[in-house]
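Here are a few notes to read alongside the structure. Take them one at a time, and find each element on screen as you go.

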Amino acid sequence: MATMLTAFSGDDAVFGHFGATGGYALAARRAMYEFGTGPETWKKIAVGQRKWANLNPQARMYTKPMTEADYDNAKWVVEPFRLPDNCLITDGGRAIIVTSVERARDLKQPPAVIMGMGQQHPSTEVAQSTWMAGPTGAEKAGAMALSMAGVTLDDVDACQIYDCFTYTVEITLQDYGFFRPGEGRDWLEGGTIEPGGRTPVNTSGGLLSEAYFMGLTPISEGAMQIMGRCGQRQLGPVTHTKRPEIILCSDNGGVLQSHSCILLRRL
Amino acid sequence: MATYPKPLPKLNGDSSFFWEGCRQRELRFQQCAACGHVRWPPAFLCPQCHATEVQWVASRGVGQVYTFAVYHTAFHPAFTADLPYVVAVVALDEGPHLLTNVVGSPPDAVYCEMPVEVVWDEVSETITLPRFRPFSTSSRSLR
């Protein structure tokens with residue numbers, strides 16, 4: 001593990017800087033300085049997603065509820081990140097089958113249709129980055145996907161956001177335009193992203209609390225929700241949320257170096 | 001000198017001038033001969049204007065903490081005794097951002113935009129690492 005991380009980290013390892021947690025911690029700390037976010041905001045993301053995982057029998061954290069106090073008492077990994085700010089490490093797989101709408105109409109399962117997508121890749125390595133507190137690639141990628149789909153954020157019923165760390169969820173939603181810089185904490189207040197909330201986010205538990213299948217955790221959950229295959233976590237009457245017509249999914253790579261956004265809708 | 005247990009930088013054609021500078025206790029950066037941009041990491045062309053002509057400049061070794069992270073986990077066993085330790089991106093006055101450590105300060109006293117100055121850590125016969133400490137009053141009078 002140490003050998004692999006050391007090789008992966010290059011000369012950063014000389015200074016004891018390893019892997020993704022440290023890189024995103026640098027970004028999150030800069031965001032704390034620039035727009036006043038911090039653990040009080042990220043706690044609502046970690047705890048909110050855990051509530052979804054507690055409705056998902058496939059989730060690693062299905063039987064492990066987490067309170068805000070549990071979050072506060074969790075150990076630091078790389079400060080400002082505590083353990084529940086970090087995603088899981090998982091062995092397993094996910095698959096998505098993509099076909100034409102014409103063929104999909106004849107299938108047994110109702111399909112989720114791709115209505116728009118966008119990508120933007122700022123690329124700069126995190127130590128050289130001057131935008132680690134945003135706007136990340138999410139800003140342009142999101143605008144591109146919404147434009148292609150011909151809809152606005154108001155039309156989005158739920159989001160499946162790539163959540164390698166809690167901060168990634170905040171900066172992604174912020175850059176998409178759900179709230180202005182630093183207003184995430186207020187936006188999240190009152191269970192916005194939780195079961196019963198007005199904008200459900202990461203309804204499987206996400207990478208933080210379901211399983212880490214890279215970008216396939218969010219997009220497979222987006223498709224499953226549109227298809228109505230999510231059991232007790234299904235968006236709609238079961239979870240006191242709106243039956244989803246449109247779900248936004250994101251993915252990002254490196255340390256906020258690349259970003260993809262995709263919008264799925266009911267046929 | 002006892003065998004140094006932590007990872008060491010891998011010198012190559014692009015970076016050896018930097019590490020040779022460190023050995024002589026000087027932070028040397030490439031500077032584009034066309035547009036003047038001071039860059040890090042080393043590269044064969046300028047990321048601003050794409051010119052290939054290059055010279056190097058010596059940094060005064062003074063800057064500010066752009067951002068930082070406090071490690072409470074040792075991902076490599078040789079860092080266990082250092083916990084908690086600070087990894088920081090320092091924005092040098094000349095422009096480049098350098099990934100390094102902040103030492104000589106309790107981790108909870110470090111903050112973004114904190115003024116810092118280079119301090120040299122000779123870890124082997126060939127490698128001296130640039131780390132940073134809070135900017136001292138005596139150094140400040142020299143600015």
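1. Start with β5 and β6 of chain B: these two strands run antiparallel and are joined by 6 bridges. In this pairing, B:Val87 sits opposite B:Asn101 of β6(B). Keep in mind as you look that this is a predicted model.

2. Now follow the chain between those strands. The hairpin of β5(B) and β6(B) has 4 residues between the strands, and B:Gly95 there adopts a positive phi near 125°.

3. Is β6(B) enclosed or open? Of its 6 residues, 6 are buried, so β6(B) is largely enclosed by the rest of the structure.

4. Next, turn to where the chains meet. Contacts link 26 residues of chain B with 26 residues of chain A. On the chain B side, β4 (62-71), β5 (85-92) and β6 (97-102) each supply at least two residues. The most comes from β4(B), which gives 6 residues. By type, the residues on this side of chain B are 17 nonpolar, 7 polar and 2 charged.

5. There is also strand pairing across the two chains. Strand β1 (residues 76-79) of chain A runs antiparallel to β4(B), with 2 bridges joining them. Look for A:Glu79, whose bridge partner in β4(B) is B:Val70.

6. Finish with helix α3 (residues 39-53) of chain A. This helix has 15 residues and spans 20 Å from its first C-alpha to its last, close to the 21 Å expected at 1.5 Å a residue. Because 14 of the 15 residues of α3(A) are buried, the helix is largely enclosed by the rest of the structure.

Notes
Residues numbered from 1 in each chain as written. Chains lettered and ligands numbered in written order. Predicted model: local features only at pLDDT ≥ 70, side-chain atom pairs only at ≥ 80, totals over all residues. Expected span 1.5 Å × (residues − 1). Buried ≥ 20, exposed ≤ 12 C-beta atoms within 10 Å, placed from the backbone. Contact = placed C-beta atoms within 7 Å. Nonpolar A, V, L, I, M, F, W, Y, C, P; charged D, E, K, R; others polar. Pairing = 2+ DSSP bridges.
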